[in-house]
Amino acid sequence: MAALMLLGGSNGQLSAARRIKAMGHQVILADYYKDPPVAAVCDAHAQVSTFDAEVCIQAAKEYGVNGVLTLGTDQPVYTAALVSKALGLPSPITVETAIKATNKRAMKEAFLRCGVPCVPFAFLKEGQAPETLSALTAPLVVKPLDSQGQRGIFKVSSPEEAVSRLPETLSFSREKEALAESFYPSDEVTLSCFVWEGRVYPLTLTDRQLMDDPVHIGVCAAHRYPSIHAGREKEISKTASLVARALGVTAGPLYIQFLVGKDGILVNEAACRIGGAFEDAFIPYVTGFDILNAAIRLALGEAPDLSALDHLPPESGSTQISVQMLFCRPGQIASMTPLEQVLKMPGMLTAGYNYGVGSTLPVLQNATARFGHCVLATRQGDMAEKVKALYRFLRVTDPTGNNLVISRTYDG
């Protein structure tokens with residue numbers, strides 16, 4: 001029996017914790033919250049920040065862990081690599097690769113060196129004049145270099161507005177500069193891959209459907225499979241191999257966001273982890289490849305079972321996935337549909353709530369406002385009806401009885 005340190009205790013990590021336990025191992029949770037969801041199933045809980053590598057290293061020593069794992073969130077990927085290096089534990093990626101996967105300066109510079117197509121960009125520091133961004137075509141997007149969950153990301157109309165937004169963007173960062181990019185009108189798609197011995201195996205291409213907000217952009221409302229851009233998957237997969245080379249990824253999960261617009265397919269960003277849209281639940285359904293099992297085995301220094309990668313099924317329009325990232329209007333929760341009932345709905349692979357009765361739902365500005373998630377699957381081509389049924393059934397009501405749920409359809 002081994003002990004695995006799991007960095008992060010949110011709902012997005014529950015499946016990993018349960019799987020580690022089912023494989024006969026111990027789960028040592030690192031999470032600074034007092035009572036995160038994973039705490040209920042773990043063997044020990046170190047109440048430390050997953051952003052603080054030094055305290056995570058110390059906790060890993062104290063608990064004698066045999067490996068470190070995270071999924072679904074960006075920044076702990078770097079911490080996991082640092083802990084693994086400090087303690088001589090297995091890791092599918094190096095610290096250098098982890099830096100490029102979690103810091104947008106290192107990532108963009110690596111993309112440039114390897115010819116990965118991306119939008120024009122620059123870096124912006126406090127005190128910098130707007131004129132230094134004159135080479136970028138407005139509107140612009142300002143992003144922290146090292147944040148996650150769309151925190152601190154703004155679409156702005158001019159270099160002057162980019163400068164005015166900079167302090168707020170940097171409030172979500174540990175860095176003293178931010179990324180400024182030209183805004184590229186496009187569809188967003190996500191390619192989930194697994195890399196082994198330097199070869200990139202594409203698994204699923206999904207449409208990343210966004211909340212409609214002209215300022216707080218990039219907040220994901222849903223993922224749709226198959227993608228409307230599935231016909232361009234060969235081109236996208238070829239670029240994915242460039243991304244893997246740029247980051248130095250030779251093994252493990254690789255998650256890439258692409259922008260598909262009139263000027264071609266550009267790379268938005270990439271991460272060395274399983275995606276945060278509960279891909280560990282739907283990738284096995286679509287492909288037969290158990291990506292979560294593979295990630296856990298890599299963290300333990302074991303060879304993963306890759307047999308399914310040589311027999312990936314052809315894409316079929318009747319196999320559909322809809323990951324609904326549930327959002328609500330702001331307000332206090334007085335009642336909500338029991339999660340056990342939602343999990344019994346036809347085609348439901350997994351679901352979870354981030355808030356409970358009595359909680360106050362915040363104004364939607366980034367992904368932290370998400371109420372929960374539902375992952376629906378079908379092989380009958382009837383996903384539009386399943387999504388409609390979900391929103392007819394789901395209720396999150398305020399004290400006056402108003403349903404706060406923001407309904408969506410399979411197509412957006």
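Visitor: Why is the pairing of D74 with R273 called a salt bridge?

Guide: In this predicted model, the closest N and O atoms of D74 and R273 are 2.7 Å apart. A salt bridge requires a side-chain nitrogen of Lys or Arg within 4 Å of a carboxyl oxygen of Asp or Glu. The pair D74 and R273 therefore qualifies.

Visitor: What makes this pair a tie between separate parts of the chain?

Guide: D74 belongs to the loop between strand 4 (67-69) and helix 3 (76-87), while R273 belongs to the loop between strand 13 (264-271) and helix 8.

Visitor: Are D74 and R273 buried or exposed?

Guide: Both D74 and R273 are buried, a term that stands for under 20% relative accessible area.

Visitor: Why is R19 called partly exposed?

Guide: R19 has a relative accessible area of 25%. Partly exposed covers the range between the buried limit of 20% and the exposed limit of 50%, so R19 falls into that class. D290, with 27%, is likewise partly exposed.

Visitor: How do you know that R19 and D290 form a salt bridge?

Guide: Their closest N and O atoms are 2.8 Å apart, and the limit is 4 Å. R19 lies in helix 1 (residues 14-22) and D290 in the loop between helix 8 (279-287) and helix 9 (291-299), so this pair ties together parts that are 271 residues apart in sequence.

Visitor: What makes E109 and R105 about one helical turn apart?

Guide: E109 and R105 are four residues apart in helix 5 (residues 104-114), which means a separation of about one helical turn. They form a salt bridge, with closest N and O atoms 2.8 Å apart. Relative accessibility is 30% for E109 and 27% for R105, and each counts as partly exposed.

Visitor: Which residues are linked with R105 in a network of salt bridges?

Guide: E109 and E177 are linked with R105 in that network. A search of the whole structure finds 17 salt bridges.

Visitor: How do you know that the radius of gyration of the chain agrees with a compact globule?

Guide: For 412 residues, a compact globule would have a radius of gyration near 22 Å; the chain has 21 Å, and the value therefore agrees. Buried residues make up 57% of the 412 residues.

Note on methods. Residues are numbered from 1 along each chain as its sequence is written. This is a predicted model: local features need pLDDT of at least 70, side-chain atom pairs count only at pLDDT 80 or more; totals for chains, interfaces and linings use all residues. Side-chain values use heavy atoms; hydrogens and water are left out. The radius of gyration is taken over C-alpha atoms; the globule rule is 2.2 Å times the number of residues to the power 0.38. Buried means under 20% relative accessible area, exposed over 50%, partly exposed in between (1.4 Å probe, protein chains only). Helices (H or I, at least four residues) and strands (E, at least two) are DSSP runs, numbered from the N terminus.
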